[in-house]
Amino acid sequence: MIPATTSDAFLLALESHMRRAGQQAHLAATVVDLSGQPDADRLHTAAARLAARHPLLNARIARGADFLAGWHPGEASPLPVEIHPRGPLDALLARLLEHPRIDIRRPGPNLELHALPTGDDRWTLVLLWPHALFDAIGIDKLLAELDDPDESRREDWGETSKAGGPASALWRTAKPMVEEMRSFPTWRIRSLRRPRHRAGSPRFQLLRFTPQQTATIRERMASHAGELLMLPYFATVAARATRAVLAGRHPDADIPALLSLPVQRVANPRKRPLFQNHMVAWSLMLEPGDFGTLGETTHTLHRKYAAFLRRKLPGAMEALMKLMERCPSRFYLKPAGFYLKGEICTLFHSHTGRFADGTDTLFGHEVLDGFHVPTVSDPPGLGIFFSERSDRLTCTLSWREGTLSPEELALLTDTLRADLLGPH
Amino acid sequence: MEDDILRILRDDILDPDGPITADTDLFDIGLDSMAIMQLQLALEDAFSVAIDPADLSRENFRTASMIAALVRSKQAP
């Protein structure tokens with residue numbers, strides 16, 4: 001048995017919530033555009049070698065008698081590989097995410113490889129994976145060794161959180177974060193969740209920007225916020241777009257944005273395991289009065305990042321996650337739901353930086369572009385995710401059927417485009 | 001000052017694979033947006049200076065030498 005990380009335990013709780021709410025497994029797709037055409041034999045060979053190398057690719061997760069979750073490796077069965085007929089990527093992704101076969105609670109493969117020819121000299125590789133087992137940096141590392149001929153078994157996992165010690169000490173460390181969370185209900189937190197509506201299947205839309213548009217986006221960021229404040233800038237862009245939709249629903253309300261921002265625990269990706277989750281969620285609140293111009297709000301959020309660090313809240317959050325790791329998954333999110341009246345946060349957001357940095361070829365083909373498509377839970381019902389590859393920015397909008405009307409989706413994308421590219 | 005900045009970068013911010021010098025390009029070894037924000041606070045604490053968001057530029061943060069020059073300019077009376 002391989003102990004789950006404290007971050008895995010959080011993701012397991014989120015998946016448990018999604019399953020109980022009929023939202024299926026918490027999966028993500030990673031999309032890699034490649035030159036040439038797919039070679040089925042090479043894909044099958046790579047899949048067999050991956051399964052032989054990594055026992056966690058055929059593991060299930062379960063809690064033990066001590067309530068701690070752990071991964072239980074099973075037989076190294078082949079990973080599914082499918083070559084699809086030429087067609088649109090969006091339709092394939094929708095089908096894969098809507099009818100998932102991966103189930104982390106049962107023995108069986110935790111990774112699928114799908115190949116889709118998209119042009120005469122272009123194809124797309126789609127990896128389908130469960131979020132409880134990987135995060136985006138882990139998938140980048142997996143891509144880097146996808147066609148590695150090595151078949152020897154590796155143990156590329158392990159906890160990276162330093163939180164530990166007796167519960168009393170953990171509680172003292174965690175207490176500032178608990179007090180911070182108790183301050184959140186000062187404002188009525190809203191997400192795109194519709195309280196009397198059962199969220200449906202995962203939905204997504206990709207905003208793929210050209211290199212010229214991406215250069216414009218960078219220039220605007222530099223002029224509005226500064227060239228190095230990427231994280232608060234894109235979080236602000238995501239928050240403003242979500243707030244525009246919420247303001248349409250609640251025109252008379254003051255709308256704050258409670259952001260849940262994943263931060264990698266290990267600065268150097270080469271010094272962390274491939275498998276398991278290694279993120280700490282930073283919860284940052286933008287109050288209604290914090291929303292001004294794009295630049296003003298970015299600088300306010302930057303100050304809030306700094307305050308979060310100065311008050312040692314990342315360490316407090318680590319301690320809280322350690323304290324919570326034995327909590328049964330169905331109860332894990334209850335305290336947040338109680339304080340926030342059924343919500344978790346306003347939206348999920350991340351900017352994972354350069355996609356698969358350093359991986360220039362796969363199976364002998366040039367990597368042309370790439371991005372991730374994570375599914376999200378409801379609440380909050382919406383995720384806005386960014387990444388870059390080859391000087392092209394991709395924004396993945398991920399929501400659940402029923403959380404956004406077509407008009408709201410148009411407002412969301414229009415607001416994002418206007419902030420990123422400037423008014424038309 | 002450069003040595004102190006290199007120690008902060010090495011031990012608290014970047015955890016690089018190999019040695020870094022005062023002239024190493026920090027963006028090439030992983031100085032990203034999160035690391036910049038952490039570094040800003042570490043510099044303010046270590047050298048008792050205030051670094052304005054407007055100072056967070058590639059020109060000021062490309063190497064430890066450039067960061068040292070920025071910090072000195074903030075310490076100047």
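User: What is the strand order of the open sheet of six strands in chain A?

Analyst: In this predicted model, the order is S8-S15-S14-S11-S9-S10, and the pairing is mixed.

User: Which strands stand at the edges?

Analyst: The edge positions belong to S8 (202–208) and S10 (279–286) of chain A. Each has a single partner strand, so one side of each is left without a neighbour in the sheet.

User: And what does the twist average from one strand to the next?

Analyst: The average is 20 degrees.

User: How many bridges join S14 and S15 of chain A, and in which sense do they pair?

Analyst: Eight bridges join S14 (residues 382–389) to S15 (residues 392–400), and the sense is antiparallel. Within chain A, Phe386 stands opposite A:Cys395, a residue of S15(A).

User: Which strands does helix H6 of chain A touch?

Analyst: Helix H6 (residues 211–224) packs on the sheet and touches S8, S14 and S15 of chain A. The direction of H6 makes about 85 degrees with that of S15(A).

User: Which strands does H7 of chain A lie across?

Analyst: Helix H7 (residues 230–249) lies across S9 (257–264), S10, S11 (347–354), S14 and S15 of chain A. Relative to S11(A), H7 runs at about 145 degrees.

User: Back to A:Cys395: is that residue buried or exposed?

Analyst: A:Cys395 counts as buried, because its relative accessibility is 0%.

User: How many disulfides are found over all chains?

Analyst: The search of the whole structure finds zero. For A:Cys327, the nearest cysteine sulfur is that of A:Cys345, 18 Å away. For A:Cys395, the nearest is also that of A:Cys345, at 16 Å.

User: What is the relative accessible area of A:Cys327?

Analyst: The value for A:Cys327 is 16%, and the residue is buried.

User: Changing topic, how many aromatic pairs are there over all chains?

Analyst: There are nine aromatic pairs over all chains. One of them joins A:Trp282 and A:Tyr305, with 5.9 Å centre to centre and 50 degrees between the planes, and is tilted.

User: Which parts does that pair tie together?

Analyst: A:Trp282 lies in strand S10 and A:Tyr305 in helix H8 (residues 294–310) of chain A, so the pair links parts that are 23 residues apart in sequence. A:Trp282 is buried at 3% relative accessibility, and A:Tyr305 is buried with a relative accessible area of 3%.

User: Why is the pair of A:Phe338 and A:Tyr339 edge-to-face?

Analyst: The ring planes of A:Phe338 and A:Tyr339 stand at 70 degrees, with centres 5.5 Å apart, so the pair is edge-to-face. A:Phe338 is exposed, with a relative accessible area of 66%, whereas A:Tyr339 is partly exposed at 34%.

User: Which residues form one aromatic cluster with A:Phe134?

Analyst: A:Trp129 and A:Phe275 form one cluster with A:Phe134.

User: Last topic: where is A:Thr124 found?

Analyst: A:Thr124 is found in strand S7 (residues 122–130) of chain A. The residue is buried, with a relative accessible area of 2%.

User: Which side chain makes a polar contact with the side chain of A:Thr124?

Analyst: The side chain of A:Asp33 does, at 2.7 Å. Leaving aside neighbours within four places in sequence, A:Thr124 is in contact with residues including A:Val31, A:Leu89, A:His114 and A:Thr118.

Note on methods:
Residues are numbered from 1 along each chain as its sequence is written. Chains are lettered from A and ligands numbered from 1 in the order in which they are written. This is a predicted model: local features need pLDDT of at least 70, side-chain atom pairs count only at pLDDT 80 or more; totals for chains, interfaces and linings use all residues. Side-chain values use heavy atoms; hydrogens and water are left out. A disulfide is a pair of cysteine sulfur atoms within 2.5 Å. Buried means under 20% relative accessible area, exposed over 50%, partly exposed in between (1.4 Å probe, protein chains only). Two strands pair if DSSP finds at least two bridges between them. Helices (H or I, at least four residues) and strands (E, at least two) are DSSP runs, numbered from the N terminus. Axes are lines fitted to C-alpha atoms, for helices over the stretch in contact, and angles run from 0 to 180 degrees between N-to-C directions. Contact means heavy atoms within 4.5 Å. A polar contact is a pair of N or O atoms within 3.5 Å; within protein, one must be able to donate a hydrogen and the other to accept it, and residues adjacent in sequence count only if both atoms are side-chain atoms. Rings of Phe, Tyr and Trp (its six-membered ring) pair if their centres lie within 6.5 Å; planes under 30 degrees apart count as stacked, over 60 as edge-to-face and the rest as tilted.
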